[in-house]
Amino acid sequence: MNWKPTIPAMQALIEAMLDEVNPVYVVGGVVRDALLGKEEKQTDLDLVIEQEALPVARRVADRLGWAYYPLDEARDVARLVFTATQGEPYVCDIASLRGVSIEDDLRARDFTINAMAFAIRKPGEAELVDVTGGQADLEAGVLRRAAPMSLAEDPLRLLRAVRFLVQFDLTLEPETREQIRRLAGTIKLTSPERLRDELWKALTLHRPAKVITTMDSLGLLANILPELSATIGVEQSFPHYTDVYDHTLAVMARAAEIRAWLQAPSPGPPTTMWQTVLAPWRTQLRQHFLQPMAGGRQRLDWLIWHALFHDVGKPATRSQEMQPDGSVRYRFFGHEEVGARMAAERLAFLRFSRAEIELCRTVVAAHMRPHHLDASFQGGNVSRRAMYRFFRDVNAG
């Protein structure tokens, strides 16, 4: 089949690699996305070669003027980086084979849809290498482990399965599902940094609430975000009609709608009440929320995490009052402060930056203030003095 990278610099890199070693294997998500017909710019590329990767990568980097990094010397993995004049840098990871053949290398990967390679022998021509049935699974919309030990070898793959299920709208193969459920507790063996990065990727998808429900169905939620899992079945009183967990999922879904609206360059005329209310400030909101924080993570994506954590303090603070008519009214006094502490502790465990932790802590601690302001002014305009006190108290400058 005909295939080449969508970015000329990446194509030049492969051509330079072919001068050093033949064939060059393109592996990972690029192969999967090409078979799905995606034409997105491929700013990162994973290559496998049948020689020692580090010296080959260094020679190619010197020839093309890319930056060279020995990413993992023990595993013979190099990273090449090219910083374009505009836009994000191009990244290429080059590794030697795991095993004695490309077939061995592919069988050692996580899922069949990722265990495919393009064997490049001439520029622009690619031969598909598929030893686990990945193309058939992709066409059938099935997520399947690449080998019986694939998930046990790296517990992070359990969470990665959730991301792929939601991202590509796949169905989980029964034996893979059962194994994930059996191994769910082993996710705790993953380093906090790797867990953070995979969870962040999953929650940047357009259906973050689906990510959470999928995690719960596989037994992962209680092992990764026990604060949120604890909200399942915690009843609430009017004006809520669902338990805390389902309410949180609804807020996450609305936060995702707001995120998509702010991400869109030209969203068109408002179609909902909240869009009508926010439309006059959309430009300023975009300027604020599109700002990156630590690790390139945008404020915009933090909207989802703020929604996720906003009510995690409710299970620990719930009390109940008998009403004259015999009904029960549930109260959650102080849940904002308790939830803010819990959110900060979880984010610190996941090794987020101090600025990100403080941002989320502040949002969770203050999330009831707008309700109180609205009630105090009975739906009318909030006074300038009250607005000043609000922004002062949340350190908003």
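Colleague: What stands opposite Val 26 in E2?

Modeller: Leu 47 does. The model is predicted, so local features need pLDDT of at least 70 and side-chain atom pairs pLDDT 80 or more, while totals for chains, interfaces and linings use all residues. Numbering starts from 1 along each chain as its sequence is written, and side-chain values use heavy atoms, without hydrogens or water.

Colleague: What makes E1 and E2 a strand pair?

Modeller: DSSP must find at least two bridges between them. E1 (residues 24–27) and E2 (residues 44–49) have 3, and run antiparallel. Strands here are DSSP runs (E, at least two residues), helices likewise (H or I, at least four), numbered from the N terminus.

Colleague: Why is the pair of Trp 3 and Phe 118 called tilted?

Modeller: Rings of Phe, Tyr and Trp (its six-membered ring) pair if their centres lie within 6.5 Å; planes under 30 degrees apart are stacked, over 60 edge-to-face, the rest tilted. Here the centres are 5.3 Å apart and the planes at 40°, so the pair is tilted.

Colleague: And why are Trp 261 and Trp 274 edge-to-face?

Modeller: Their planes stand at 85°, with centres 5.5 Å apart, so the pair is edge-to-face.

Colleague: How do you know that Trp 261 is buried?

Modeller: Buried means under 20% relative accessible area (exposed over 50%, partly exposed in between; 1.4 Å probe, protein chains only). Trp 261 has 6%, so it is buried. Trp 274, at 15%, counts as buried too.

Colleague: What makes Arg 282 sit over the ring of Trp 261?

Modeller: NZ of Lys or CZ of Arg must be within 6 Å of the ring centre and within 35 degrees of the ring normal. The charged end of Arg 282 is 5.3 Å from the centre and sits over the ring.
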